[in-house]
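Here is my notebook from an afternoon of looking things up.

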Number of protein chains: 2
Amino acid sequence: MQPPLSQPHIQPFFPPQRTLMGPGPSDVYPSVLAACAKPTLGHLDPLFVGMMDEVKQLLQYAFQTRNEMTLAVSAPGSAGMEACFVNLVESGEKVIVCRNGVFGERMRSNVERLGAVAVTVDDDWGKPVDVQKVSDAIKANPDAKFLAFVHAETSTGARSDAKALCALAKEHGLLTIVDTVTALGGIELRVDDWGIDAVYSGSQKCLSCVPGLSPISFSPAAVEKLKTRKSLVQSWFLDQTLVMGYWGNTSGAKRTYHHTAPVNALYALHEALRLLADEGLENAWARHAMLHTELRDGLAALGIEFVVEEKYRLPQLNAVHIPAGVDDAAVRSWLLNDYNLEIGAGLGALAGKAWRIGLMGYGARRENVAVLLGALGEVLK
Amino acid sequence: MQPPLSQPHIQPFFPPQRTLMGPGPSDVYPSVLAACAKPTLGHLDPLFVGMMDEVKQLLQYAFQTRNEMTLAVSAPGSAGMEACFVNLVESGEKVIVCRNGVFGERMRSNVERLGAVAVTVDDDWGKPVDVQKVSDAIKANPDAKFLAFVHAETSTGARSDAKALCALAKEHGLLTIVDTVTALGGIELRVDDWGIDAVYSGSQKCLSCVPGLSPISFSPAAVEKLKTRKSLVQSWFLDQTLVMGYWGNTSGAKRTYHHTAPVNALYALHEALRLLADEGLENAWARHAMLHTELRDGLAALGIEFVVEEKYRLPQLNAVHIPAGVDDAAVRSWLLNDYNLEIGAGLGALAGKAWRIGLMGYGARRENVAVLLGALGEVLK
């Protein structure tokens, strides 16, 4: 038997103030950070439960949905993704999965782990999902039950036409599962009007909240699929039939314990969503578009080119080619160490070839564009 | 098509300062709350990654383990539970699951959802797991691969003999999966010495951190089982073969992106674990025991009786019988509204019959015992 482990002597951690212009987490609103430190309440405290009702109402606004089943999963966006797949898709069912970046592939992996069948529709990284290819795949797979795709690909900065893809799915009776992790709050998104059945997002992108929560919403058709499934949901933690006993499917219903909610993180989400509602969704979308234009013009002046064709670009996630002869890691370290400025590395197929510059939520401000352009200009000199 | 949802007008949320003496979340240390509001760093920022290394070291101390695979799951304790089962247990494998409260039954549900076989060993609520019954079950099931039990049952306040149960499992070559959600930091727990193979806990109990994280640790034997499994882990989010690429299995290894870590919650965990290390584990255990004695004597003076026999009582979770003729909900509301004092309701078989009084972490203080005894004495008059 070894001796007991002795006490480590660790100092308190004091992180510096960075400007976060990577693919997320984004700059967090000061009042959202302050909300994190408010006194913790019990997860069944009536005052906390009342706040959760407001979070639900605010999420319905942000998603533009009247779905009763709208809530935040108590874990990051990838758990929100898994919550959608694990609750709706059963073993043996067929899902058409569009892959044009990292997150489409992650969807496929989710389908595989359910024992379901993924039919993949592939597009090059940096391109949007090709609607015609999806139409062909649907016709070739009349037994498919779901269409899954990423609205705003965080790995490439490409925007796909969620409205057209959902219309196509509806036409053929498919349920849609849509990744809006980077989309929500940054570009137009209308869950009900577009006919999205299951949608998930993340707290740490255009909502400018701390990382760790994943807003999701299920349409009545998705809820019906969940209620009529033949098998038990394979995840206890993500089983929404249980979670809804806590979040409350109908207002006024008594809350029953499922798991201990991340109380302080939900304070932060409440505040972030409140700020979005105060600004107004359309205003937030317009702000992201405007700042993107300023960034684009400034990058052009530095001779830096975008990965994505102009009409498919996400204003909030700008993937750009690393100029020839430039040391990727050295530049990012220089920006971080000398300017306290974080930009993102390339991911997957774009690793070492691209940078990802985020303009998300509170990060989509004129001063952030200025510091990025000024610092990058100096470093690339 | 319905009109767009208009902006809800929601006010900022200002929770009152409660004294949290339920089953968790417990009172959070002031410096832990303050840590939540520190500036957010990127999840791959070298400074943040360095802090994660410290969290790992602090968790190893708290668990008394030298396990390399020691980290915090980015979700609450029930996700930590699922992380242990989903990574180690495969379809068709047999698990002996001890049930003497809510959380043993949750373990069984996890086993079932894996397509594995649960052999349950039942004890009455409020009793510890009966070691002899477990011994009989192991002998009757020579093909069983795992023994799973709860060290400190949050639903009843009973402590089971984790050391004896693990010794029995080792004798028969079984791997052990142990729930220490309420145990960690509150009572003696020695993961390596006792031979625990997979252990999970929660941030919001005796660590007095905000809710939302689940520390886990896997022994080398558990890691070997994980590495040699025949099937894919059915959860992408909880797949520790992927997560370890981010947390780093060996120190100094490059971190790869898996999911965006809950950065600010990890600041809080770092601070909470740091305070535990500063106090010293044995001192923290002794403090819980001492405050429990004060509470016990005060409750006795009020004529209130414990659910659990003295020698099996958890100092940090005191389940007591609701005195005859007393209105359960009314008393708890009175304490909450007039004294800002939360105690816990009974759960499952104890609903309406018991209260659960927590003395956890920062909540295990003399002033908390005084306010509880004073307020309860007034309310029950």
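**Entry 1: ground rules.** Helices (H or I, at least four residues) and strands (E, at least two) are DSSP runs, numbered from the N terminus. I am working with a predicted model, where local features need pLDDT of at least 70, side-chain atom pairs count only at pLDDT 80 or more, and totals for chains, interfaces and linings use all residues. Residues are numbered from 1 along each chain as its sequence is written, chains are lettered from A and ligands numbered from 1 in the order in which they are written, and side-chain values use heavy atoms, with hydrogens and water left out.

**Entry 2: a pair inside one helix.** I looked up Arg108(B) and found its side chain in a salt bridge with Glu105(B), at 2.9 Å from N to O. A salt bridge here is a side-chain nitrogen of Lys or Arg within 4 Å of a carboxyl oxygen of Asp or Glu. Both residues sit in helix 4 of chain B, 3 residues apart, which is about one turn of the helix. Glu105(B) is partly exposed, at 29% relative accessibility. (Buried means under 20% relative accessible area, exposed over 50%, partly exposed in between, with a 1.4 Å probe and protein chains only.)

**Entry 3: a pair between chains.** Which residue does Asp239(A) form a salt bridge with? I found Arg113(B), with the closest N and O atoms 2.9 Å apart. Asp239(A) lies in the loop between helix 8 (220-227) and helix 9 (240-247) of chain A and Arg113(B) in helix 4 (residues 102-113) of chain B, so this pair joins two chains. Both Asp239(A) and Arg113(B) are buried.

Entry 4: Arg190(B) is buried at 15%, while Glu282(B) is partly exposed at 41%.

**Entry 5: two domains of chain A.** Chain A is divided into domain 1 (19-25 + 281-380) and domain 2 (30-277), with bounds from an automatic or database domain assignment. Their contact (heavy atoms within 4.5 Å) takes 26 residues from domain 1 and 30 residues from domain 2. Across this interface I found 1 salt bridge. Glu282(A) forms a salt bridge with Arg190(A), the closest N and O atoms being 3.8 Å apart.

**Entry 6: the tally.** Over all chains, the structure holds 50 salt bridges.
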